[in-house]
Amino acid sequence: MQGLMRAAWLLLSVFLVGAAADDNHERDFLSRIRRLTVEGKRAGEGYWSPDGKRLVFQSEREPGNPFYQIYTLDLTTGESRRISPGLGKTTCAFFRPRSDEIEFASTHADPKSKQFQDDELAFRASGKERRYSWDYDPEMDIYAYSEKTGRLKQLTTVRGYDAEGSYSPDGQWIVFTSMRDAYNRPLSDAEKKQLETDPSYFAEIYIMKADGSGQRRLTSVAGYDGGPFFTHDGARIVWRRFDVTGVIADVWTMKPDGTDQRQVTSFGAMSWAPYEHPSGKYFIFASNKLGFDNFELYMVDVDGTKEPVRVTYSDGFDGLPVPSPDGTQLAWTSTRGGGSAGQLFLAQWNHQKALDAIASAPLKQTRK
Amino acid sequence: MKKALAIAVLLSATVHADVAQLRRYVTTLASERFGGRQTGTEGERLAREFIVSELKRIGAKPLPGQKDFALPFEFTAGTRDLGTTLSMAGKARALSFSDSGDVTGGVAFAGYGIVVPESQDFGYDSYATLDVKDKVVLVLRYFPEDADQKTRGILARYSDLRFKAMAARQRGAKAMLVVTGPKSPNAGELVPMTFDTALADSGIVAASIDGAAGNAIFAAAGKSIADVQQSLDSGNPHVAGFEIPTTVTVRAKVERERHTAYNIAGYLPATGRPIAEKPWLGLGAHYDHLGHGENGSSLASKEEAGRTHAGADDNASGDAAVLAVGGILAKQPRPRNVLLMFWSGEELGLLGSSAFLATPPLKIADLAAYLNFDMVGRMQDNKLSVQASGTSKSWDKLIEQANVKAGFNLSVQPDPYLPTDLRNFNTAGVPSLNFFTGSHADYHKPSDTADKIAYDDLDRIVEFAAAIARKIEDTPEPPVFAKVEPQTQQGASRAGGRVYTGTVPDYASDAKGLLLGGVVAGGPAEAAGLQKGDVIIEIAGQTIANIYDYTYALDVLKIGQPAKVVYMRGGERKDTMLTPGARK
């Protein structure tokens, strides 16, 4: 390499190898970290196919649409394929076990979808930047896509954001988040104001059959209840519950009928996106315990008897962790590749070290 | 079970064979015998013979219309003093950038010969009250020794001998002599003639003289250097210069050595039914390195000085990668010709690739893409940089797809304005990628040795690059080039530079003046109508003989205040007004 500009240039391009301090335990749990997605502005929320050979994820990567669409990624060939309509916004896809279906949420049926895309593109072309935020589009509904026929089946229809769906291990149920409560009853003035400033306040956990029938509400506590997943034995649902301020969130579990709601963490931070390791021993989740913008991955025993154990040590965002079906790998979303937008990462997961670390973690502190 | 085991053994055997091959490539090129592969030397020749024999081994042929794999180009290897003399007692030696010529004239002493541009809001001008027109200017080397730190910091920036020579020339001096004062380091010694890669003349005869010669000249004024330096350093630093009632003759004899160096290029002809659209894919790496650290870019410590700079990572690793990717492609169907290139002169300023692109042996427009490998042997923590991804919209998808298999912790960087040969291909409009495993403590030192290379990871990089190469090979539509606008002015910008002109100098040129390799879209230079290929010869009344003059001249410009720029375009002298912006 040529000498001319080396000083400044090397400063810019050298990897931050030195950032790994002695108390960095990331390598205990994660090895052979690799970046999975490159194309497009951002990508995230990668969920495994039941055979562990593919991921389904959301990414903003096509000209003309500045919003997430849903893609599958074949981990053998590296080929990715869009399975969502391409129009509007989508989010939160999940493979249906024992089926060719993939569910996700989409706004493509909204006639204003194209207009929203054009408006956002025009906004960006003006050179302005806004902080990334999710707008809880009330036209968002859940669909099931058949990989065999290519057909989409609409599963939710009511007004209000329906999204964040995931299947039960037997593929018969979908647990999801809905804000329909803000639209299906008269709101008080205070609630109307709340809806304008933060609609997620009305988000609650619902369950339905995989064909969309039998929709039923499971939670009714003020503040954002969202991001629900079944545990691997199908016996419980794990999700995150925000307080009414929308600042503090903790990991909770309940039975699939909504009973026996138990708080797992009391971490005093925004702790969210919990997902159970297939061993059934612990949850991995994201928390900004160390600073508003610095989300790291943590893990905690399923009963929440211990303090959470930190997994990642990287500035910026590490979140949305999903272990592979065999528990040997972890997919997650991170900004560690540079920039402010996340991409999908994959690493080998050291389950034994995770168990050891949890076992030696201190007992849970009581926080107010 | 047995069968599975046999396959496993077979697989691992194949992998090890590749790693062994890579180890052989790197170990050979980085061996002591090759002497650090400095451009134009015996070490370069030995490296070339090795690479050519390996090219033949994988079945590569010389390019169509070429007899040899080696493609010669000329470059300036250095300057030599052929016996510069002074008509006084004592010794003289030309400065490396001096013109040759005989000059006779009266002498004017101009202190340290430093002129701080007005824009610095720090008044210091050694010529303030001195007329040096047609004089031989005598200046002290370095800058006032006893000044406070801040003053020294400012003066140091303008005390480079090139800058002093430019200041003297611009004030009409016939020649500049420099003497090192008794209070300064290297007191009384001649300035060594250093290897200097920006080899253009400075437009003035400039020589250093020793203490004896200095004393002889000062004696004519009835003064001693020591006293004069003392008053300049500790008293008022603005002590005016003075004329010395004597006449001297300087005979400067400087030779710029033109040497021949060689790029290496071979190709693997397309197989089957070749693709017609852009029928070539290029792979390249420079094979030159720093020799024994003779030129300025060695970072060897005092203890290591003069030892062979092995250059195992920089860039035997890249050469190994090109040979290995070539070896893989040689065994597979290839709808496009594969061009395998090894550059010399890279460490001296991308000279080899510049020469290749200036008189290309094939149409550059026929290149579908160019993949460059520069320092790929020191992978840490699975991290790999893929750079210049902004040169085509196709890259991100290709990189993503190849990496799902390869599994690197990638850093993907769009910027193609890199200090490596890829830069020239980007300028030529070729979609390009550079592979890079990051810098390290042995960078540009003799300790960059073959035993420190991560061969298993290098092998993975080879597989990864080969997968990307295969995809380009097999896709009939070549990647479409995308222009990346430079984020900042490159290269000529020095630390602390405040002025932004939006020019991209061509470093490989040794034309008189500053040849523009391009202008930044939307920048002041473009607004002034300047374009690639223009040669700037004057800015704001300051003549520009070379890139150093240009860099210094920028300091004189004021932000927002239009400055006259004189330039040559197609042999015609033109001028325009350029309004510099503020560097962000």
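This tour moves through selected strands, loops and helices of chain A and chain B in a predicted model.

Begin by selecting residues 173-178 of chain A, which form strand S11. This strand is mostly covered, with five of its six residues buried. Display Asp162(A) together with Ser178(A), its bridge partner in S11(A).

The hairpin of S10(A) and S11(A) has five residues between the strands. Centre the view there on Gly171(A), where phi is positive, near 75°.

Now extend the selection to residues 204-209 of chain A, strand S12, which runs antiparallel to S11(A) and is joined to S11(A) by six bridges. Across this pairing, Ile174(A) stands opposite Met208(A) in S12(A).

**Chain A: the loop at Arg151**

Move to Arg151(A), in the loop between strand S8 (141-146) and strand S9 (152-154) of chain A. Is Arg151(A) buried or exposed? It has 11 C-beta neighbours inside 10 Å and therefore counts as exposed. For a distance to display, select the C-alpha atoms of Arg151(A) and Asp141(A): these residues lie 10 apart along the chain, and the two atoms are separated by 16 Å.

**Chain A: an open sheet of four strands**

Select strands S14, S15, S16 and S17 of chain A, which form an open sheet in the order S14-S15-S16-S17 with antiparallel pairing. Strand S14 (225-230) and strand S17 (262-263) stand at the edges; each has a single partner strand, so one side of each is left without a neighbour in the sheet.

Within this sheet, turn to strand S15 (residues 237-242) and strand S16 (residues 249-254) of chain A, which pair in the antiparallel sense over six bridges. Show the side chain of Trp239(A) and that of Trp252(A) in S16(A), which stand opposite each other. When following side chains along a strand, recall that in a regular strand they alternate between the two faces of the sheet.

**Chain B: an overview**

Switch to chain B, which contains 13 helices and 24 strands. Of its 584 residues, 53% count as buried. Among the contacts in chain B with a separation of 6 or more, 79% are between residues 24 or more positions apart.

**Chain B: helices H7 and H11**

Select residues 312-330 of chain B, helix H7, and residues 455-474 of chain B, helix H11. Their axes come within 9 Å and cross at roughly 50°, and the two helices are therefore oblique to each other. H7(B) passes H11(B) in a right-handed crossing.

To see the contact, display Ser317(B), Ala320(B), Ala321(B), Ala324(B), Val325(B), Ile328(B) and Leu329(B) in H7(B). They meet Leu458(B), Ile461(B), Val462(B), Ala465(B), Ala466(B) and Ala469(B) in H11(B). The residues of this contact comprise 12 nonpolar, one polar and no charged.

Asn315(B) belongs to helix H7 of chain B.

**Chain B: helices H9 and H11**

H9(B) passes H11(B) in a right-handed crossing.

On the side of H9(B), the contact is made by Leu398(B), Ile399(B), Ala402(B), Asn403(B), Lys405(B) and Ala406(B). On the side of H11(B), select Arg460(B), Glu463(B), Phe464(B), Ala467(B), Ile468(B) and Lys471(B). The contact of H9(B) with H11(B) contains seven nonpolar residues, one polar and four charged.

Finally, select Asp381(B), in the loop between strand S13 (367-373) and strand S14 (383-387) of chain B. Although Asp381(B) is not a glycine, it has a positive phi of about 50°. With 13 C-beta neighbours inside 10 Å, Asp381(B) counts as partly exposed.

Continue to Ala388(B), in the loop between S14 and helix H9 (395-406) of chain B. Ala388(B), again not a glycine, has a positive phi of about 75°. How is Ala388(B) placed, buried or exposed? It counts as buried, because 29 C-beta neighbours lie inside 10 Å.

Conventions:
Residues numbered from 1 in each chain as written. Chains lettered and ligands numbered in written order. Predicted model: local features only at pLDDT ≥ 70, side-chain atom pairs only at ≥ 80, totals over all residues. Axes fitted to C-alpha atoms, helices over the stretch in contact; angles between N-to-C directions. Parallel < 35°, antiparallel > 145°, perpendicular 65-115°, else oblique. Left-handed = near helix turned anticlockwise from the far one by under 90°. Contact = placed C-beta atoms within 7 Å. Nonpolar A, V, L, I, M, F, W, Y, C, P; charged D, E, K, R; others polar. Buried ≥ 20, exposed ≤ 12 C-beta atoms within 10 Å, placed from the backbone. Pairing = 2+ DSSP bridges.
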